[in-house]
Amino acid sequence: MMSIAEKDLGTPAAEGGKRVTLTIDGFELSVPEGVSVMRAAALAGTRIPKLCATEMLEPFGSCRLCLVEIEGRKGYPASCTTAVAEGMVVRTQSDRLAGLRRGVMELYISDHPLDCLTCTANGHCELQDMAGAVGLREVRYGYDGVNHVYPRRDGEANPRFVAKDESNPYFTFEPSKCIVCSRCVRACEDVQGTFALTIQGRGFDSKVAASQDDSFIASECVSCGACVQACPTATLSENSLIEYGQADHSLITTCAYCGVGCSFRAELQGDKLVRMVPNKNGHANHGHSCVKGRFAIGYATHPDRITTPMIRNSIDEPWKIVSWDQAIAYAASEFKRLQAKYGKFSVGGITSSRCTNEETYLVQKLVRAAFGNNNVDTCARVCHSPTGYGLKTTLGESAGTQDFDSIERTDVVLLIGANPTDAHPVFASQMKRRLRAGAELIVIDPRRIELVRTPHVEASHHLQIRPGTNVAVLDALAHVVVTEGLIDEAFVAARCEKPAFEKWRAFIADPQHSPEALEGELGVPARTVREAARLYAKAANGAIYYGLGVTEHSQGSTAVMALANLAMATGNIGREGVGVNPLRGQNNVQGSCDMGSFPHEFPGYRHVSDGAVRASFEKEWGVTLWDEPGLRIPNMFEAALDGSFKGLYLEGEDIAQSDPNTQHVTAALRAMECVVVQDLFLNETAKFAHVFLPGSSFLEKDGTFTNAERRVSRVRQVMKPKAGYADWEITQLLSNALGYPMHYRHAGEILDEIARLTPTFKGVSFDKIDRLGSIQWPCNDQHPEGTPVMHVGEFVRGKGHFMLTPYVPTREKVNARFPLLLTTGRILSQYNVGAQTRRTANVAWHNEDMLEVHPHDAEERGIKDGDWVGLSSRAGETVLRARVSSRMQPGVVYTTFHFPDTGANVVTTENSDWATNCPEYKVTAVQVARVDQPSAWQQRYRAFDRRQQQLLPEAGADAGAG
Amino acid sequence: MNIEHLVGMANDICDYFAAESDRDAAVAGVAGHLRKFWDPRMRTQIIAHLRSGGAGLSELARLAVQRLADDERKVA
Ligand code: SF4
Ligand code: SF4
Ligand code: SF4
Ligand code: FES
């Protein structure tokens, strides 16, 4: 069922500016060329009856309900599949048409249950509406003929009847209500690109089936919900809709999971959330979504949520429930005490990409203005900080260059270190659509990710490199470009700095960078590398997409610069269809970076030593600001361990699970005297905290998120904060208690301040976003409506700057003790540390982290599928179950990190990117062995976890007690 | 802070800048990077470490930390 708030014009809009004039029912109108007669009529307010057509899909023309009469044409063409033409004269209504339509409806209804009053879709069912629209008054065939409706017929089991499929935790399939319009099948193919559904059988016997007549959960279905949205009847319905009934109003907000930043309509009854429906007008997702954003929202009301502030003196004491005033006063007095005792620089803060721009901005403001230092960092440190460094150095701005829609003009996609079908599913669907339409794909990844081969998509090349050799492979690609004369000389001459380019050209032309010289290192045939380089360089439009598989390495920043070099050298930047596109992990990674949550930069990526910039902040904030860089997250841990860093304010970030070398992190947390955690749940870090401030979910507050395409979208409050305050209000309370006053009445005022102080945000405001739907920064006087594609005509820094990219193998090397390489990643249904998704029905797809091992390595170690295995590195050891899988190459193992008990980060090391200290999650030398008990770390972890749960107050206790 | 980690980080930065054929530019690059991204207490510590022998620092790292020390004196 589509959104209650959207009108379905029947067929998709058409691109292009030309218009044609036609007459419909005697009225002349002008519509865009290429649209259907159905859409033209709908634009003029005439709704031609329809069933198999919907705006989200190309028309199919099967139901024959939308027939019209067109002057000069024989018969009754279907208006959904007939394009408008100049001078066309259409009649949408006549006695003949009415008769035909009634006949069609009569057939449908004769094989459909008549339980409208108790049906989920009641009031929003297209079949019901059409029966009304065509004036159906009787069904002459009766209901007891051959049918799909009743389980029994003539006392026998009805072979055509198929029972409900309730295997998917979020939606139900009730085949007896199906009208076989195939909208679901087409949605799964065209919109999602999974091809999980088929129409089986012919004629009256045809029916919808998931895969080979599997249940939905057992099929290839990824639970994106596109079919549910497309279904005109109750056949595919959200379980929440079945449970609660139809919503009465809706609000537009933005998904709080991944960096695609899908726009949703939250459909509500009062303040009860009935369902989330992707917004057709959403600029990032165009009406599509994935299982997380659409369905995995139950965590917001999960009983594990902590909704009262709590404090304690030491982490071995029970938590004490206190009032907000007491908690804030205690936290503030502790920070003041620590600063008095250990100095101004002994405390700091960490912001999260899960928070809004306004919240992140406020935390860094609190650190800089109230703490008086620059010890503020964000979780982007551990994911995309190399993107910021690498793109700023080469192109001049720390952000991706394109909008998502740019891919519609791409001819060759170079995808490296990213697995979009799992991590950025909605963009992956768009990419797959483009690939099905003929664009070519190069995948560079140690794993055989899904896009290498999936229905109707096959990569032209898969460079299955050894983990840790990104820079080597990019240098080899560049070497081919340089030595085979594939450089776009005109572009480079016009747009890039000459001396730096010449230096780079000489450097990269050195035979040590040839694919042949690097063949052994990469484990990829030189010929494949050469062919891939040629394919990308010769493409009319070549676009690079990359993810954490590029950044989370000891050479992450070098690799990002290598990508920018490649794009510049081949002229693939500065227009639609090309560019260098980081796929951001969490929803607001881009925003948290933009908002100045780095210890060396103010909002807008301006260094703290820049006197003029600092002066502008000092003037607005009314304080003197520190002009030296502060501590990064890993530096904070080091400083905590040496006793010079004592207090930390964490907003929405779970460093004890997400950061590498867990035991090092928890030792650092234990060494601090005041850890303040602001979060929804007692997360791993909160177990080491002294103050817990209950935060609010994205449904409970106003603000903005900025997605991977620099798109700023609104987050809207759908329900009141469960604990009383939105996160920005909590930061404000803390700041006031620290003696630095803040008086924002609404999140929009914070954004206004950001706009005043940050040139790239100059034109951004709640009002403007409300008007335009979303805005891509830079948004300023030159680009008042934002900037979809950057570096057009000129780079942000002026001339593009080629950087040298020496390949330096990581220090993390395999040896006899640790002979395998571990690399980490994520899967579709779970999100990051899993704090949210683990508390939803998404565990139906993934309820534990598994270690993927190549059959060869498994056999050598006597490991079978499902065995418990110990995974050890020089940092630590953990135990998890093995999955034997040939997606891996021999010598490489893989796991996810969604469950704390797995402790994948117990084994990752503190090796990090040379430029930004982004941890090297993607390469760890490990050994794997069969075991039959949890690791020592896990045993300690479980005991500690149990103890910390016991220290929580009884459920139901409230602040009055404090 | 753990000086071995700081030394390791400084050497990692040098591994990148070592590709620069102009030695002076490489030294300036590393020194500039430390100045721009390292908290003052880390810089003070690495400079002190160089003064007391600089164990573990690569050759380029030594030159760069020396350059950093000279620059900081000028600023101060
Ligand atoms: S939920 Fe998505 S993947 Fe599953 S059948 Fe429907 S459209 Fe296909
Ligand atoms: S399940 Fe719904 S969308 Fe699919 S064919 Fe049946 S009625 Fe149409
Ligand atoms: S998780 Fe990402 S792709 Fe899925 S709905 Fe949310 S923003 Fe969209
Ligand atoms: S709506 Fe046109 S044929 Fe079904």
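Visitor: Let me pick a spot: is Asn917(A) buried or exposed?
Guide: Asn917(A) is buried, because its relative accessible area is 4%, under the 20% cut-off. Keep in mind that this is a predicted model.
Visitor: Where does Asn917(A) lie?
Guide: Asn917(A) is in a loop of chain A, between helix 29 (904-907) and strand 38 (924-930). Its phi is positive, about 65°, although Asn917(A) is not a glycine.
Visitor: What comes nearest to ligand 2?
Guide: Ser182(A) is one of the residues that come nearest, along with Cys178(A), Cys181(A), Cys184(A) and Cys231(A). There are 13 residues around ligand 2.
Visitor: How does that shell split by class?
Guide: Around ligand 2 there are nine nonpolar residues, three polar and one charged.
Visitor: Back to helix 4 of chain A. How many of its residues are buried?
Guide: Eight of the ten residues in helix 4 (residues 183-192) of chain A are buried, so this helix is mostly covered. Among them are Arg183(A), Cys184(A), Arg186(A) and Val191(A).
Visitor: What do the buried ones pack against?
Guide: Several elements of chain A, including helix 3 (126-133), strand 8 (197-200), helix 5 (226-230) and helix 12 (425-436). Just after helix 4 of chain A comes Gly193(A), with a positive phi of about 80°.
Visitor: How far is Val191(A) from His286(A)?
Guide: Their C-alpha atoms are 9.9 Å apart in space, while the two residues are 95 residues apart in sequence. His286(A) is in the loop between strand 13 (272-278) and helix 7 (291-295) of chain A.
Visitor: How accessible is His286(A)?
Guide: His286(A) is partly exposed, at 41% relative accessibility.
Visitor: What does His286(A) touch?
Guide: Apart from neighbours within four places in sequence, His286(A) is in contact with Asn279(A), Lys280(A) and Asp405(A). The His286(A) side chain also reaches the backbone oxygen of His283(A), at 3.4 Å.
Visitor: New topic: which peptide bond is cis?
Guide: The bond from Trp777(A) to Pro778(A) is cis, with omega near -5°. Pro778(A) lies in the loop between strand 32 (775-776) and strand 33 (820-825) of chain A.
Visitor: What about chain B, how many residues does it bring to the contact with chain A?
Guide: Chain B gives 23 residues and chain A gives 31. The area buried between chain B and chain A is about 2300 Å², with 55% of that from carbon and sulfur atoms.
Visitor: How many salt bridges are there between chain B and chain A?
Guide: There are four salt bridges between chain B and chain A. In one of them, the side chains of Arg811(A) and Asp12(B) meet, 2.7 Å from N to O.
Visitor: Which elements of chain B touch chain A?
Guide: Helix 1 (3-17), helix 2 (23-37) and helix 3 (40-51) of chain B each give two or more residues to that side. Helix 1 of chain B has the largest share, eight residues. By class, the side of chain B that touches chain A has ten nonpolar, five polar and eight charged residues.

Conventions: Residues are numbered from 1 along each chain as its sequence is written. Chains are lettered from A and ligands numbered from 1 in the order in which they are written. This is a predicted model: local features need pLDDT of at least 70, side-chain atom pairs count only at pLDDT 80 or more; totals for chains, interfaces and linings use all residues. Side-chain values use heavy atoms; hydrogens and water are left out. Contact means heavy atoms within 4.5 Å. Buried area is the accessible area (1.4 Å probe) that two parts lose on being put together, summed over both. Helices (H or I, at least four residues) and strands (E, at least two) are DSSP runs, numbered from the N terminus. Ala, Val, Leu, Ile, Met, Phe, Trp, Tyr, Cys and Pro count as nonpolar, Asp, Glu, Lys and Arg as charged, and the others, Gly among them, as polar. Buried means under 20% relative accessible area, exposed over 50%, partly exposed in between (1.4 Å probe, protein chains only). A polar contact is a pair of N or O atoms within 3.5 Å; within protein, one must be able to donate a hydrogen and the other to accept it, and residues adjacent in sequence count only if both atoms are side-chain atoms. A residue is near a molecule or strand if one of its heavy atoms lies within 4 Å of it.
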